[in-house]
Amino acid sequence: MFARSLRQLRRPILQQRWAHIGHAHANLRAVTSSDVEHFTSILSPSSVLSTLSPVSTASAELDSFNSDWMGKYRGRGNTVLKPRSTAEVARIVKYCNEHRIGIVPQGGNTGLVGGSIPVGAEGQEVVLNLGAMKDVRSFDPNSGILVADAGCVLESLSTYLEPHGYIMPLDLGAKGSCQIGGNVSTNAGGLRLLRYGSLHGSVLGLEVVLPDGTVLDQLSTLRKDNTGYDLKQLFIGAEGTLGIVTGVSILTPPASASINNVLLALPHFDNVVPLYRQVRRRLGEILSAFEFFDRQCYDLVLRHGQQPALPSDEVSDAQAFVLLETSGGHKEHDEAKLGELLEELLGAEGDAQLVTTGVLAQSQEQFNALWRLREGITESIGREGKAYKYDISIPVPKFKEAVDTVRERLRERGVLGKSPGGVSLVLGYGHVGDGNLHLNVVADSYTDEINDALEPFIFEMVSGYRGSVSAEHGIGSAKVDALKYSKGDASRLWMKKIKDLFDPNGIMNPGKVLPP
Ligand code: FAD
Ligand code: MLT
Ligand code: ZN
């Protein structure tokens with residue numbers, strides 16, 4: 001299954017050229033063999049991987065922990081720790097704080113902004129990988145409240161909930177590898193946000209190890225709790241800069257009795273917005289996803305192995321595609337509503353004709369195949385080349401203008417189509433219902449020439465639309481310099497004050513989110 005193949009996919013990418021990073025963090029020192037000895041007294045020896053340990057780990061064994069999913073960044077950590085309990089995490093963090101050793105929390109390492117790998121000088125940060133903390137702590141089938149260790153893989157939680165008739169309130173293409181702690185720490189959006197809202201709403205409580213080793217137990221299972229400041233919200237989307245999430249309490253929705261999806265082909269992008277309006281009006285509460293991708297994305301996923309959902313002659317003129325999903329409680333009612341919408345869309349003529357053709361999945365297999373066309377875009381981009389990824393919030397009517405503007409910019413700079421070393425594709429896809437465009441530039445390699453053409457150009461463009469430079473992937477190390485385009489001076493100052501309050505020694509995920 002696609003989602004499970006993410007880890008294997010990472011390997012060939014890693015063999016290509018890596019961008020090394022490594023600016024010394026002035027406040028931190030490098031891990032020594034006596035530190036490693038101490039870690040081995042806290043954790044079982046098999047949970048400590050280090051080039052400094054007596055049973056020295058080969059540095060190649062650390063590669064997958066030191067490199068990001070895209071193969072864009074490579075860190076120089078020499079030690080990876082895999083605690084099995086919150087108490088173990090707390091002891092490690094306390095020691096690192098006292099000894100000024102940086103910590104990079106790492107979940108499934110599927111993040112797309114270089115947040116989950118070390119960026120300091122060699123050995124200045126340990127990677128604290130949560131993958132061994134993977135137990136479900138409790139589930140209440142009456143309320144749907146799930147409490148799980150941070151290292152539980154998202155897909156495994158969905159599988160756990162299935163027999164109880166519940167689903168996770170979020171879903172993303174990385175589900176086979178990403179962990180719930182990583183999802184919370186990035187405030188991941190994904191494909192169900194339109195329906196179930198953001199994690200700021202569905203997360204009810206967190207257990208967090210603070211930078212001094214204190215365990216902050218806010219693992220509430222209450223729907224309502226109005227007792228003062230809601231501290232857990234600070235850790236949702238903090239990208240590991242304020243503490244380590246070790247447990248998550250989350251409200252899960254009941255699985256829908258009836259789910260359908262439809263792929264629609266549109267002659268122009270301009271039809272996306274009126275289509276979204278019409279679909280919302282007609283489908284109302286049963287609409288659960290409204291995703292868009294442009295022509296280049298469609299051709300790309302087919303090139304990389306997905307099956308065409310529509311005959312090629314019927315979509316030869318299509319410039320955009322929309323994948324919509326419905327979930328509801330009543331099969332006949334939902335299908336009747338969807339049927340009426342499709343009849344209306346396919347029967348329209350002249351200017352009222354928003355779509356040229358479409359396909360309604362008739363089986364679970366077809367349903368999955370339609371979703372693979374959308375979810376497979378990220379993986380296909382990785383196979384095609386090196387991705388410069390921009391994950392922005394801007395008004396939906398401006399999506400196409402933004403993609404075209406960036407393409408034109410690259411043409412003017414002489415890097416579009418240049419071979420070797422040039423840009424082959426400029427793609428647009430994303431979550432229309434959330435106003436989130438994924439603008440991706442695909443090239444042979446990562447070069448300063450392309451980077452300089454794109455940045456800060458794209459961030460200034462986003463700022464001009466009064467948008468956000470990160471709709472869902474976060475800031476990580478990739479967008480630290482871009483934060484100012486979406487957060488003003490006062491906001492950044494207060495973010496820094498909060499960081500200093502929690503982490504005065506700057507050990508937590510240094511070099512991420514905020515400038516040093
Ligand atoms: P990691 O990548 O390991 O870490 C991400 C960040 O969180 C890092 O800064 C790390 O330090 C921190 N972190 C991780 N675990 C913890 C913890 N327990 N405590 C404190 N900090 C922690 N993102 C979306 O928002 N929507 C999508 O639709 C989406 N689709 C994707 C599809 C694919 C194919 C891929 C590869 C990625 C996608 N992503 C998406 C990005 C990524 O999967 C998500 O951001 C995901 O939530 C990251 O989880 P992770 O466990 O892999 O975290
Ligand atoms: C998506 O929506 O597919 C994800 O956010 C990943 C990506 O941007 O490629
Ligand atoms: Zn996305």
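The following conversation asks what lies behind the words used for this predicted model.

Student: What should I keep in mind about the numbering and the model before we start?

Tutor: Residues are numbered from 1 along each chain as its sequence is written, while chains are lettered from A and ligands numbered from 1 in the order in which they are written. This is a predicted model in which local features need pLDDT of at least 70 and side-chain atom pairs count only at pLDDT 80 or more, whereas totals for chains, interfaces and linings use all residues, and side-chain values use heavy atoms, with hydrogens and water left out.

Student: How many helices and strands does the protein chain have, and what makes a stretch count as one?

Tutor: The protein chain has 17 helices and 18 strands; a helix is a DSSP run of H or I with at least four residues, a strand is a run of E with at least two, and both are numbered from the N terminus.

Student: Why is the protein chain called as compact as a globular protein of that length?

Tutor: The radius of gyration, taken over C-alpha atoms, is set against the globule rule, which is 2.2 Å times the number of residues to the power 0.38. For 516 residues that rule gives 24 Å, and the protein chain has 23 Å, which is close to it, so the chain is as compact as a globular protein of that length. The C-alpha atoms fill a box of roughly 75 × 60 × 45 Å along the principal axes.

Student: What share of the protein chain counts as buried, and what does the word require?

Tutor: Of the 516 residues, 55% count as buried, where buried means under 20% relative accessible area, exposed means over 50%, and partly exposed lies in between, with a 1.4 Å probe and protein chains only.

Student: Which class does Arg466 fall into, and why?

Tutor: Arg466 has a relative accessibility of 79%, which is over 50%, and therefore counts as exposed. Arg466 is placed in the loop between α16 and α17 (489-502), and its phi is near 55°, a positive value in a residue other than glycine.

Student: What makes the buried residues of helix α5 lie on one side?

Tutor: In α5 (residues 154-161) the buried residues are Leu154, Glu155, Leu157 and Leu161. They cover an arc of only 160° around the axis, which puts them on the same side of α5; the arc is that of the directions from the helix axis to the C-beta atoms. Their cover includes β7 (136-140), β8 (145-149) and α6 (180-186).

Student: Which residues of helix α11 are buried, and what covers them?

Tutor: Arg295, Cys297, Tyr298, Leu300 and Val301 are the buried residues of α11 (residues 295-303), and the elements covering them include β12 (258-266), β13 (287-294) and α13 (364-384). Just after α11, Gly305 takes a positive phi of about 105°.

Student: What is the omega of the cis peptide bond from Ser419 to Pro420, and of the one from Glu455 to Pro456?

Tutor: The bond from Ser419 to Pro420 is cis with omega near 0°, and the bond from Glu455 to Pro456 is cis with omega near 5°. Most peptide bonds are trans. Pro420 lies in the loop between α14 (399-412) and β17, and Pro456 in the loop between α15 (448-454) and α16 (457-464).

Key: Contact means heavy atoms within 4.5 Å.
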